[in-house]
Amino acid sequence: MKTHWSQDGYLRAWLFAAHAHRGQALSGMDLPYTTHIGSVAMEVIAALTIETIPTPDLAVQCALLHDVLEDTAVTYDQLQTEFGAAVAAGVLALSKDPNLPTSRQMADSLARIQRQPSAVWVVKLADRISNLQSPPAHWSPAKIRGYREEALKIHQALHLASPLLADRLATKIEAYRAFCPE
Ligand code: NI
């Protein structure tokens, strides 16, 4: 199949994200944070390989940059200057609003993602697929159950954007039951 997303666009976003997340580690693991970023981009590219998702470069760049507003010093204006308005708006929708109570942050982000192109929806599906591995050892049973319930809401809100990733997320949600004590 013909490559329909830009490898140079990928590299630019990957290097920007690697620089922005430098020094950060994955929660509870001795691995760089970019391990997560790479796995989210991989899921998105797997979907782009077999499904038709409009604006594939937007999907790839938002995947690589999806945590820079939430977790680093990078600003919206910087993203807009470096990667354009669509990427900046997508990453903003993928970021929790810290001014809201924690309990409302995910529903708010999902509502904002739904107003974005489907390329942005796909990134959120990929992000949760990547995050539904073994939960960090310090998480309480209630937190683990809540994380699984949140994943069900993500699936419900965004599944239409990518049947492939929706199926994959559903499988991960089912498997995550193993970590949820009754
Ligand atoms: Ni993430």
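Tutor: In this predicted model, the crossing of H1 and H2 is right-handed. The contact there is made by Tyr10, Trp14 and Ala18 of H1 together with Thr34, Ile37, Gly38, Ala41 and Ile45 of H2.

Student: Why are H1 and H2 called roughly antiparallel?

Tutor: Helix H1 (residues 7-20) and H2 pack at an angle of about 155 degrees, with their axes 10 Å apart. Angles over 145 degrees count as roughly antiparallel, and H1 and H2 are therefore given that description.

Student: What makes H2 and H3 roughly antiparallel to each other?

Tutor: H2 and helix H3 (residues 56-65) pack at an angle of about 165 degrees, their axes lying 8 Å apart. The cut-off is again over 145 degrees, so H2 and H3 are roughly antiparallel. H2 passes H3 in a right-handed crossing, where the contact is made by Ile37, Val40, Ala41, Val44, Ile45 and Leu48 of H2 and by Pro56, Ala59, Val60, Ala63 and Leu64 of H3.

Student: Turning to the metal, which protein atoms are the donors of the nickel ion?

Tutor: They are His36 (NE2), His66 (NE2), Asp67 (OD) and Asp127 (OD), lying 2.1 to 2.6 Å from the nickel ion. Donors are N, O and S atoms within 2.8 Å of the metal, so these four atoms qualify. In sequence the donor residues are spaced H-x29-H-D-x59-D.

Student: How do you know that His36 and Asp127 tie together parts that are apart in sequence?

Tutor: His36 lies in helix H2 (residues 34-50), whereas Asp127 lies in helix H8 (residues 118-131), so the pair ties together parts that are 91 residues apart in sequence.

Student: Why is the arrangement of the four donor atoms called irregular?

Tutor: The donor atoms subtend angles of 77 to 170 degrees around the nickel ion.

Conventions
Residues numbered from 1 in each chain as written. Predicted model: local features only at pLDDT ≥ 70, side-chain atom pairs only at ≥ 80, totals over all residues. Heavy atoms only, no water. Donors = N, O, S within 2.8 Å, 3.2 Å for Na, K, Ca; no water. Tetrahedral: all angles 85-135°; square planar, octahedral: opposite > 155°, others 65-115°. Helix = DSSP H or I, 4+ residues; strand = E, 2+ residues; numbered from the N terminus. Axes fitted to C-alpha atoms, helices over the stretch in contact; angles between N-to-C directions. Parallel < 35°, antiparallel > 145°, perpendicular 65-115°, else oblique. Left-handed = near helix turned anticlockwise from the far one by under 90°. Contact = heavy atoms within 4.5 Å.
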